[in-house]
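Here are a few exercises to work through with the structure in view. Try each task before you read its solution.

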Amino acid sequence: MPKDQGLPERLADQIIQLILEEGLAQGDRLPNEAVLVERLGAGRSSVREAVKLLQSRNIVRVRQGSGTYVASNPGVVDDPLGFTFIDDKRRLTHDLLEVRFMIEPEMARMAAEHATDEQAARITELCNESERLAEAGEDYSEADTEFHSAVAQASGNLVVPRLMPILKASVPLFIDVTGRQLVAETIRTHRGVADAIAAHDGTAAHDAMYLHLVYNRNAIAQLAARDA
């Protein structure tokens with residue numbers, strides 16, 4: 001452990017080790033503050049600072065009046081690649097789409113091959129929710145993002161779900177840039193992906209996700225041509 005590491009940082013490392021040793025999973029509750037103080041042999045203020053550090057790194061979530069819990073996708077922060085600070089959103093949309101073409105069709109194929117019944121049902125549920133919101137003219141970006149995240153979780157790959165900050169940045173951005181032009185296409189291709197995963201048809205899932213991205217690419221190209 002580095003000598004120049006401050007006490008809160010060292011305690012944060014010890015709490016991470018505690019999480020690993022006790023096999024705590026996403027959503028599990030950590031021991032309360034009094035227990036942590038005793039187990040770590042540190043003062044309350046130092047333990048609180050350590051917990052704040054872990055919260056800033058998306059390792060834990062503090063729920064007031066309830067306790068401290070292991071975060072979803074612990075260690076994966078919302079914007080690890082700094083997309084917020086890229087001013088050229090049109091270029092960012094284009095380049096994000098290139099990356100999505102590399103990842104998502106294959107991700108959908110893997111999900112069709114590995115998804116449990118519960119995971120497939122969740123994907124269909126999120127498909128239904130995003131469809132309901134989109135048809136009602138409401139903001140469906142969160143449900144859309146959760147749909148893609150559920151597909152990633154079902155892929156059976158440990159790394160793929162941790163790439164989801166790319167999607168969390170791109171889905172709302174795509175909806176905004178395309179001006180909600182692709183509602184019908186999104187509904188149709190999401191349904192194709194969900195149905196293919198439920199049927200464990202990897203080729204159909206791959207192709208439906210690819211088509212979903214093609215619609216986005218065409219819409220972005222049309223906008224670029226119009227603005228040229």
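**Exercise 1.** Work out whether Arg-48 is buried, partly exposed or exposed.

*Solution.* Arg-48 has a relative accessibility of 45%. Buried means under 20% relative accessible area, exposed over 50%, and partly exposed in between (1.4 Å probe, protein chains only). So Arg-48 counts as partly exposed.

Before you go on: this is a predicted model, where local features need pLDDT of at least 70 and side-chain atom pairs count only at pLDDT 80 or more, while totals for chains, interfaces and linings use all residues. Residues are numbered from 1 along each chain as its sequence is written, and side-chain values use heavy atoms, with hydrogens and water left out.

**Exercise 2.** Find which side chain meets Arg-48 in a salt bridge.

*Solution.* Start with the rule: a salt bridge is a side-chain nitrogen of Lys or Arg within 4 Å of a carboxyl oxygen of Asp or Glu. Arg-48 pairs with Glu-33, at 2.8 Å from N to O. This pair links distant parts of the chain, with Glu-33 in helix 2 and Arg-48 in helix 3 (residues 44-56), 15 residues apart. Helices here are DSSP runs (H or I, at least four residues), as are strands (E, at least two), numbered from the N terminus. Now check Glu-33: at 25% relative accessibility, Glu-33 is partly exposed.

**Exercise 3.** Say where Glu-129 and Arg-132 lie, and how many residues apart they are.

*Solution.* First, look at the bond: Glu-129 and Arg-132 form a salt bridge, and their closest N and O atoms are 2.9 Å apart. Then check the surface: Glu-129 is partly exposed at 31% relative accessibility, and Arg-132 is partly exposed at 45%. Elsewhere, salt bridges that share partners join Glu-33, Arg-44 and Arg-48 into one network.

**Exercise 4.** Decide whether Thr-68 is buried or exposed, and list what touches it.

*Solution.* Begin with the location: Thr-68 sits in strand 2 (residues 67-70). Its relative accessible area is 16%, so Thr-68 is buried. Finally, count contact as heavy atoms within 4.5 Å. Leaving aside neighbours within four places in sequence, Thr-68 is in contact with Asp-28, Arg-29, Leu-30, Val-51, Val-60, Arg-61 and Val-62.
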